[in-house]
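Subject: Two-chain model, handover and notes

Hello,

Here is the model we spoke about, with my notes below it. Please read them alongside the coordinates.

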Amino acid sequence: MTAELGHFALLLALAVALAQAVLPSWGAQTGRARWVALARPLAAVSFGLVSAAFAALLACFVQVDTSVAYVAAHASHELPLGYRITASWGGHEGSLLLWVWILAAWGALVAARSAGLPAAFAARVQAVLGAVAAGFLAFIAFTSNPFERLLPAPADGRDLNPLLQDPGMAAHPPLLYLGYVGFAVGFAFAVAALLEDAPDARWTRWARPWVLAAWSALTGGILLGSFWAYYELGWGGFWFWDAVENAAFMPWLLGTALIHSLAVAEKRPGFLRWSLLLALLAFSLSLLGTFLVRSGVVSSVHAFASDPSRGLFILVLLGLAVGGSLTLFAWRGQRAPAAEGYALGSRESLLLLNNLLLATATATVLLGTLYPLAAEVIGGTKLSVGAPYFDTVFPPLMLPLVALLVVGPLARWRVAALQRIKPLLPLALAALAGAAALAFTLQGSLWMAAGIATGLWALGGTLTLAWRQRAAWRHGLPLWLAHAGIGVFVLGVTLVRSLEQSHDLLLAPGEQAVVAGRVLRFERLEAAPGPNYQAARATLSWQVGAMPLRLTPEKRVYGRRQVAMTEAAIARGPWRDVYASLGDADADGRWALRVQVKPFMAWIWAGGLLMAAGGLWGALAHRRRPRALPATAATPSPLTAPTLSTP
Amino acid sequence: MTPRLATLVPLLTAAALVALLARGLLQHDAQAEATSPLIGQPAPVLDLERLDGEAAPLQGEVWVLNVFASWCAPCRAELPVLGQLASEGRVRVVGLDYRDTPELGLAFLKRHGNPYALTWRDPEGRGSLAWGVTGVPETFVIDRRGVVRLRHTGPVTPQDLRQRLLPLIERLKRA
């Protein structure tokens, strides 16, 4: 019964989304105020209906209603309650419903906060969001219905993939989708701006907080996924340049470019056309990511069970959204002013360079991700592009960008005034000298020296900037957090990649070995039963200082699916992580152990968190500001011209 | 370039991309058997260092060569299927660790399960060159007389296993 209610709510939501896509925009086109006024209530109703459908699915999971095929495939009575809830987005159908639910939530939020926008513009924004939602609701209803019955019902379900039975993995999809789907808002603003009779540059200011919020969520989502891979996959890597990771990374890169170009577009019309394009492409790449994950067209470890008919449906949606919006852009984009010249060294020119580097990086990742497909289609050969390609092409693009992020905020508008950089010269020299000394003493590579120098420069430069402008901290904080986060992140990645050590050992309980100059002892091995798995748990101690570090890696076998999993033990610290994973036992009762020492691993997460926090603060601060000003009816008053920008 | 043309560029690029994706999607099912000049020819000799397993002569038996690398994500996904191939087809699967370091290669096998009876190291890609490998993963089936009978590019899916590899191996074993 619950499932049928959910299905019904889903179909109603589809009807409402179609109405939301058609009526308000028709009203805006023909000047019918009553139809225009429908936009915001429809967004709220749409959100309510999708919420009802999603709640019904959650209820089916909590009860483990195995007569619902999707529940039977992803849950079991053994599964703890928390994971029953998160299992609802553990497969294709449910995660798609989560996708649409988040889209509806963004739409309702935009509706709630768009009282100050011109009514026709707000209506067009809602219409675009409604159209996207209608496409995906139709996709769910026609190809991926999570409420389909399975009769006769099996006695118990197949249980959730053990890899997904983890808090990090439970939170990863919602956060990631919050970001992915959030770019739909920027997309809708851009499309609405293109649909307006007279081009209006103010859309860039209205869209900024939404783009910042989406970017922040995407940063958090990618970070969480990477964090999960690090501790759950059991081999200590955190980024694999897998097609699905790239699918999330591309919108992030382009979204970063968009944030920076929106920061200037209102004041520098030369950035307008480019901003429109970036907003359209950032969401297009989100859709491309959705397609890649769910069609199985590119091989990946993350992919959902692939089904060509689903792939085709998303491809049609992708084609409509991208084709429609870019046709609109080709047709009306030229109304936006053409590019203008900027003095070399002015802040505009540096932001342009930032955009150029980020767009190039996006194209590079896109090429590496789709090249295997192109080779297969055109030449009939299958090949895979792996980490070696990305490791070669990516750092040379990113390091100049990171170096620029200190210079950009110091540069002046319009004029080529790099004198302000002069006080930072000692810092630059110190960063270079420090990096050279470190790389030399540790016998690292040139890349290591370059990475450390850039990281120190970004971190030091941003801290200097923050100190100098501390009076305006409210305004500057988002930028400082995000830029300092990048510095910390670059330092972390460089140091981990160049200094990490890995030891493969074969030890019986009671034996010991030397790891990174210290004694590692295999204390004991014991059985450790869990709620739905059996585990062997090893206790290791690593002698550092007076108190030895204790590590307890496990090997688990999950009951229903009989899947063996490695549960790594990680001793975290600000300067290094010690990462231990337990392999198999050999015939003599000795166990394969892998112990890795990863210096500065925590800095990678800290850097990512700082970036996400910066984005979030920026979005919230932005939101507050126009409210503080007396709001005039139709047009929000312009921002008090800020002396600093907060990209 | 006139402005109108410039604004058309993103649309045209996107159209080409969508066409590529559509083509890839439709082609995906009808996975054409990769052709290779090696088919019907004697298998090239692998004069390489051993990474793992026992170097036993493979003459007189049907065997499978699989090219992999620790940096290749689809190879990781393919490993359980290869294990199934070895047990259900009762054949030896020989691994060729392409452009990899021995540490990473060994750790990869230890971490994800090792389906290979024997694994060669191919750090410079010499062995792969002799076999005409264009990318990882790639799989070859070699018959009793040491003749290459099949080349499969891309990961072996459970479907490929049931529909192509296992039937062929059965046939070659009976021949």
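Chain B is divided into domain 1 (1-30) and domain 2 (34-174); such bounds come from an automatic or database domain assignment. The C-alpha centres of domain 1 and domain 2 of chain B are 36 Å apart.

On conventions: this is a predicted model, in which local features need pLDDT of at least 70 and side-chain atom pairs count only at pLDDT 80 or more, while totals for chains, interfaces and linings use all residues. Residues are numbered from 1 along each chain as its sequence is written, and chains are lettered from A and ligands numbered from 1 in the order in which they are written.

Chain B

Chain B has five helices and six strands, where helices (H or I, at least four residues) and strands (E, at least two) are DSSP runs numbered from the N terminus. Their order from the N terminus is α-β-β-α-β-α-β-α-β-β-α. Along the principal axes, the C-alpha atoms of chain B fill a box of roughly 70 × 35 × 30 Å. Of its 175 residues, 41% count as buried; a residue is buried if 20 or more other C-beta atoms lie within 10 Å of its own, exposed if 12 or fewer, and partly exposed in between, with C-beta atoms placed from the backbone. Among the contacts in chain B with a separation of 6 or more, 78% join residues 24 or more positions apart. Two residues are in contact if their C-beta atoms, placed from the backbone, lie within 7 Å.

Helix 2 (residues 73-88) of chain B has 16 residues and reaches 24 Å from its first C-alpha to its last, close to the 22 Å expected at 1.5 Å a residue. The expected span is 1.5 Å times one less than the number of residues. A kink of about 40° lies at Leu79(B), shortly before the proline Pro80(B); the bend at a residue is the angle between axes fitted to the seven residues ending there and the seven starting there. The buried residues of helix 2 of chain B include Cys75(B), Leu79(B), Leu82(B) and Leu85(B). Its buried residues pack against strand 2 (63-68), strand 3 (92-98), helix 3 (102-112) and helix 5 (158-174) of chain B. Just after this helix, Arg90(B) takes a positive phi of about 45°.

Chain A

Chain A is divided into domain 1 (1-160) and domain 2 (502-601), with 43 Å between their centres, taken over C-alpha atoms.

Helix 9 (residues 203-232) of chain A has 30 residues and should span 44 Å at 1.5 Å a residue; its end C-alpha atoms are 42 Å apart, which agrees. This helix has a kink of about 30° centred on Pro209(A). Since 26 of its 30 residues are buried, helix 9 of chain A is largely enclosed by the rest of the structure.

Val64(A) is in the loop between helix 3 (39-62) and helix 4 (69-74) of chain A, and counts as partly exposed because it has 18 C-beta neighbours inside 10 Å. Phe600(A) is in the loop between strand 10 and helix 18 (601-628) of chain A. With 22 other C-beta atoms within 10 Å, Phe600(A) is buried.

Glu567(A) lies in strand 7 (residues 563-567) of chain A and counts as buried, with 21 C-beta neighbours inside 10 Å. Leaving aside neighbours within four places in sequence, Glu567(A) is in contact with Pro553(A), Glu554(A) and Arg556(A).

Cores

A nonpolar core is a set of buried Ala, Val, Leu, Ile, Met, Phe, Trp, Tyr and Cys residues joined through C-beta atoms within 7 Å. The largest has 199 residues, and Val100(A), Leu103(A), Ala184(A) and Phe189(A) have the most contacts inside it. Helix 8 (residues 167-195) of chain A gives the largest share, 19 residues. A second, separate core of 38 residues includes Leu82(B), Leu85(B), Val93(B) and Val133(B).

Interface

In the interface, 45 residues of chain A are in contact with 36 residues of chain B. Helix 12 of chain A gives the most to the chain A side, with 12 residues. That side divides into 23 nonpolar, 17 polar and five charged residues; Ala, Val, Leu, Ile, Met, Phe, Trp, Tyr, Cys and Pro count as nonpolar, Asp, Glu, Lys and Arg as charged, and the others, Gly among them, as polar.

Regards
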